[in-house]
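The structure is shown first.

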Amino acid sequence: MTDLTQKKPEGFALYSRFAFAGAVCCSATHGAFTPVDVVKTRIQLDPATYNGGMIGGFRQVIQKEGAGALLTGAGPTFTGYFMQGAFKFGGYEFFKQQSINILGLEKARQNRTAVYSLSAATAEFFASIALCPLEATRIRLVSQPSFENGLISGFRKILKHEGVGAFYSGFGPILLKQVPYTVTKFVAFEKIVEAFFARFDKSQLSAGAQTGVNLGSGLLAGFAAAIVSQPADTMLSKINKTKGLPGESTVSRLIKIAGELGLRGSFAGLPTRLLMIGGLTAGQFAIYGDIKKALGATNGVEISK
């Protein structure tokens, strides 16, 4: 008799599936939210002009530049977050497993918040290296509509006139934004899901219900992550808007920008970003979970009690 039991993927085959699922969920959601991101970035960079909130910002962009302007930066957004998502989700699963291997399952379970945090932070460090050049290009395209008209031409122009270093002038802010954001996102998601399944038997839920749990948990995790990372997100937009003065270091630019913004300015555009990050994080975890199931990559180690 033929054994119909299909062996679940392991090793590289497993983590490559995690990475692919992460790449798709991040690129799809960030790409879909490009119009919101355009408005959010404009509010951060020019709050005096774009002072009518999210709806008013949409109207202003359309009136001044046409509806097509809302898709500015879609190319680098999709490409950058495809790579970032692969490193972030694939890396999170990988480093979580390595932590379990080092600590042992029971100790990892007892210290699971630390395991989640360290795994997410490490994964995001590598993900940010991949994302940074594309994010710098996106912000330049959005903040300066006449700069260039697409990913390749914008990327080439920055490389030619400012060098490779210009792509990483925002690496400090992107780490300050992305690491707390990613740690908060994964820890909050894991804890919310854990609390839900402490009350309901996961094995008794339909596929649709499990997707709904991922959506709801992702939404709440996204709200928390957006608030934590908002000041660094504003600074990232500012530092990538223009190149620095001759001899001006990234650190001195960050100090100057922080002083100019103040606490209130650091949270400019937060309502728009709450909508954006909450929605895309909910979508990410829902899509990620569904793609993992479709690819048979359901044998990641769970350390929740």
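The following paragraphs take up the salt bridges, the cavity, the pocket and a nonpolar surface patch in turn.

**Salt bridges**

The model is a predicted one. Across the whole structure, 11 salt bridges are found. Three of them are set out below.

| Pair | N to O distance | Location |
|---|---|---|
| D37 and K40 | 3.1 Å | both in helix α2 |
| E135 and R138 | 2.9 Å | both in helix α6 |
| E93 and K292 | 3.6 Å | helix α4 and helix α11 |

Within helix α2, D37 and K40 are 3 residues apart, about one turn of the helix. E135 and R138 show that spacing of 3 residues, about one turn, in helix α6. D37, K40, E135 and R138 are also linked in a network of salt bridges. Both D37 and K40 are buried, and both R138 and E135 are buried.

The side chains of K292 and E93 likewise meet in a salt bridge. Because K292 belongs to helix α11 and E93 to helix α4, this pair ties together parts that are 199 residues apart in sequence. Both K292 and E93 are buried.

**Cavity**

The count comes to 1 cavity of 30 Å³ or more, and the largest cavity holds about 110 Å³ of space. It is lined by 15 residues, and those closest to its centre are H30, Y81, K177, Q178 and I277. Helices α2, α4, α6, α8 and α11 each supply at least two residues of this lining. By class, the lining of the cavity has 8 charged, 4 nonpolar and 3 polar residues.

The largest pocket has a volume of about 720 Å³. Its lining comprises 29 residues, with V193, K202, N214, K292 and E302 nearest the centre. Two or more lining residues come from each of α4, α8, α9 and α11, and α8 gives the largest share, 6 residues. The lining of the pocket divides into 13 nonpolar, 9 charged and 7 polar residues.

**Nonpolar surface patch**

A nonpolar patch on the surface has about 1,000 Å² of accessible area, and its members include F20, F78, F125, Y168 and L295. Helices α4 and α6 each give two or more residues to the patch; the largest share, 4 residues, comes from α4. F20 lies in helix α1. F20 counts as partly exposed because its relative accessibility is 43%.

Note on methods:
Residues numbered from 1 in each chain as written. Predicted model: local features only at pLDDT ≥ 70, side-chain atom pairs only at ≥ 80, totals over all residues. Heavy atoms only, no water. Patch = residues over 30% accessible without salt bridge, like charges linked within 9 Å, V, L, I, M, F, W, Y side chains within 5 Å. Areas by Shrake-Rupley, 256 points an atom, 1.4 Å probe, with all protein chains shown as cover. Salt bridge = Lys/Arg side-chain N within 4 Å of Asp/Glu carboxyl O. Buried < 20%, exposed > 50% of the residue type's maximum accessible area, 1.4 Å probe, protein only. 1 Å grid on protein atoms, 1.4 Å probe; cavity = no way out; pocket = protein on both sides within 12 Å on 5 of 7 lines; lining within 4 Å. Points joined across faces, edges and corners; volume = space filled by probe spheres on them. Nonpolar A, V, L, I, M, F, W, Y, C, P; charged D, E, K, R; others polar.
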